[in-house]
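Please keep the sequence and the model open while reading, and turn to each region as it comes up.

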Amino acid sequence: MARLVIVSNRVPLPTERGPRAGGLAVALADALRPGTLWFGWSGKRVETPAETPELVQADGVTYATVDMTEAEYRAFYVGFANGALWPLLHFRLGLMTYRREDYVGYCAVNRRFAAALATVLQPDDLIWVHDYHLIPLAQELRRLSVRNRIGFFLHIPFVPPVMLEVLPCAPELLEGMAAYDVVGFHTDGYRRAFLQCAQQMLGVELDRDSFVHNGSTVHAIVDPIGIDTEAFVKDAVRAARGAEARRLRDSLEGRALAVGVDRLDYSKGLPNRLIAFGRLLAEYPEHRRKVSFLQVAARSREDNTDYLQLRRELDRIVGDTNGRYSEFDWTPVRYITRALSRRTLAGFYRIARVGVVTPLRDGMNLVAKEYVAAQNPADPGVLVLSRFAGAADELTEALIVNPFDPDEIAEAIHRALLMELDERRARHQALQDKVHQSTARRFCEVFLQHLAACKTQPMLECA
Ligand code: ADQ
């Protein structure tokens with residue numbers, strides 16, 4: 001069997017697997033058969049990075065990492081990836097900052113990563129590249145005469161041509177995506193947007209979901225990511241009996257809990273969600289003293305001023321709501337700006353009567369799936385879900401809301417708090433079936449089957 005090589009911006013080194021290192025490592029756990037190589041940035045900024053990767057072995061997997069200079073980090077990571085691509089692909093043109101020198105730095109880091117990766121590749125390796133940081137990687141590998149099958153999965157949304165063309169280097173980025181054999185998306189909407197962009201901006205002719213560019217075929221697939229549902233259910237059941245869940249339950253004194261869990265990111269719709277909770281208390285006073293809202297928002301990307309501003313805005317909204325509605329023995333909003341462990345969260349989800357997942361845009365949103373998995377089927381909570389999360393394509397039995405409208409979110413929370421057991425069970429049953437079918441394991445299998453079915457590149461010519 002061909003060796004699998006995973007490439008992602010950050011590598012979850014075995015030494016640093018904490019609450020923050022979770023995401024991709026959990027999703028790809030099933031693909032991590034012994035022999036797999038995982039390549040990417042070490043997370044370290046140094047003066048002179050080595051040309052070849054540093055190798056660490058753990059559980060039969062080889063982790064190969066390279067460092068970055070401070071200037072590379074600023075241009076590649078802070079500047080172009082998170083300052084231009086992240087806002088653009090989340091439909092936030094107003095937050096996009098494009099600087100040509102950042103794009104040049106982004107391409108240079110991809111070129112350097114490709115050169116370092118090429119030193120450890122074997123001819124038959126299947127290479128699976130993850131996310132928007134590394135779009136040009138395949139093109140750079142092809143320039144180095146790498147003929148392996150290379151796939152790319154985009155974890156965030158994709159935008160239609162009318163938005164993508166705002167980015168000055170959009171045609172080059174699309175060229176980069178077209179250098180992969182397989183390009184995967186969470187939803188059909190993102191895939192269609194990509195194909196339209198390729199059609200309009202590269203002038204390719206579509207053959208259903210594929211096209212030929214520079215002599216090789218690109219397959220665009222839909223492959224929604226999932227969670228390790230069985231493990232999550234077990235964690236939730238166990239954690240709900242644990243000490244932290246007990247402390248949370250005791251502190252609620254019989255009140256209902258609504259919960260939100262996110263990275264502190266402007267794509268997650270946190271201000272509107274917290275405003276919505278205030279509206280709930282204003283418009284439906286019967287819930288005062290009867291419900292508490294726990295928002296866990298792990299701080300991220302604090303070297304970007306948009307994130308610092310968001311944090312200040314949230315501090316203000318939480319302060320306003322608590323100032324207005326708190327009683328001396330009841331605080332409506334509990335707000336934590338740290339990551340909590342996966343297991344602790346699983347227990348908290350199970351206690352919560354309502355899970356509030358209202359991103360303005362989100363590739364998928366795994367919290368929605370975790371919340372569903374964690375529920376007690378005999379007495380499940382209700383998921384309130386943004387129609388603009390990729391998860392809304394699958395989790396149609398949630399209460400689907402427009403996250404731009406705090407009143408609509410407040411109405412949905414109200415409805416969730418009042419929902420009868422029969423309806424909660426019926427909705428949950430349907431949602432649970434879906435999160436048991438569309439798992440992390442299936443995500444990996446589907447992608448790798450598509451990639452394995454491709455042919456190695458016959459020629460080395462590249463633009
Ligand atoms: P993220 O934007 O990080 O991921 P999401 O899918 O919601 O978004 O979360 C990933 C993981 O982080 C989940 O397992 C969640 O439990 C954990 N997490 C989130 N907030 C946390 C907190 N406060 N404390 C501890 N853990 C927390 C990107 C895309 C998503 C896409 C994923 C996977 O933006 O749309 O679903 O990749 O493809």
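Helices in this account are DSSP runs of H or I with at least four residues, strands are runs of E with at least two, and both are numbered from the N terminus. The model is a predicted one, and every value below was computed from it.

The phi angle of arginine 301 is near 45°, which is a positive value in a residue other than glycine. Arginine 208 also has a positive phi, near 50°, and is likewise not a glycine; arginine 208 sits in the loop between β8 (206–207) and β9 (210–213). Is each of these arginines buried or exposed? Arginine 301 counts as buried because its relative accessibility is 16%, and the cut-off for buried is under 20%. Arginine 208, by contrast, counts as exposed because its relative accessibility is 75%, and exposed means over 50%.

A further loop residue, threonine 36, is located between α1 (22–27) and β2 (37–45). Threonine 36 has a relative accessibility of 2% and therefore counts as buried. A polar atom of the threonine 36 side chain lies 2.7 Å from the backbone oxygen of arginine 33. When neighbours within four places in sequence are set aside, the contacts of threonine 36 are with Leu4, Ile6, Ala31, Gly60, Val61 and Thr62.

The ligand is considered next. Around the ligand there are 22 residues, of which His155, Asp362, Met364, Leu366 and Glu370 come nearest. The shell residues divide into 12 nonpolar, four polar and six charged. At least two residues of the shell come from each of β11, β12, α12 (342–351) and α13 (366–374).

| Protein residue and atom | Ligand atom | Distance |
|---|---|---|
| Arginine 263, side-chain N or O | oxygen | 3.0 Å |
| Alanine 298, backbone N or O | nitrogen | 3.3 Å |
| Leucine 340, backbone N or O | nitrogen | 3.2 Å |

Taken alone, the ligand exposes 700 Å², and the protein buries 86% of that area.

Tyrosine 335 belongs to strand β13 (residues 333–336). Apart from neighbours within four places in sequence, tyrosine 335 is in contact with Leu264, Gln295, Ala297, Leu314, Asp315 and Val318. Between the C-alpha atoms of tyrosine 335 and methionine 177, which are 158 residues apart along the chain, the separation is 40 Å.

Finally, helix α14 covers residues 406–418, and its 13 residues reach 18 Å from the first C-alpha to the last, close to the 18 Å expected at 1.5 Å a residue. At the start of α14, a side-chain oxygen of aspartate 405 comes to within 3.1 Å of the backbone nitrogen of aspartate 407. Which residues of α14 are buried? They are Pro406, Ile409, Ala410, Ala412, Ile413, His414, Ala416 and Leu417. An α-helix has 3.6 residues a turn, so residues three or four places apart point the same way. The buried residues of α14 pack against the strands β11 (256–264), β12 (291–299), β14 (354–357), β15 (382–386) and β16 (399–401), and also against the helix α10 (270–283).

Technical notes:
Residues are numbered from 1 along each chain as its sequence is written. This is a predicted model: local features need pLDDT of at least 70, side-chain atom pairs count only at pLDDT 80 or more; totals for chains, interfaces and linings use all residues. Side-chain values use heavy atoms; hydrogens and water are left out. The expected span of a helix is 1.5 Å times one less than its number of residues. Buried means under 20% relative accessible area, exposed over 50%, partly exposed in between (1.4 Å probe, protein chains only). Contact means heavy atoms within 4.5 Å. A polar contact is a pair of N or O atoms within 3.5 Å; within protein, one must be able to donate a hydrogen and the other to accept it, and residues adjacent in sequence count only if both atoms are side-chain atoms. A residue is near a molecule or strand if one of its heavy atoms lies within 4 Å of it. Accessible areas come from the Shrake-Rupley method with a 1.4 Å probe; for residues, only the protein chains shown count as cover. Ala, Val, Leu, Ile, Met, Phe, Trp, Tyr, Cys and Pro count as nonpolar, Asp, Glu, Lys and Arg as charged, and the others, Gly among them, as polar.
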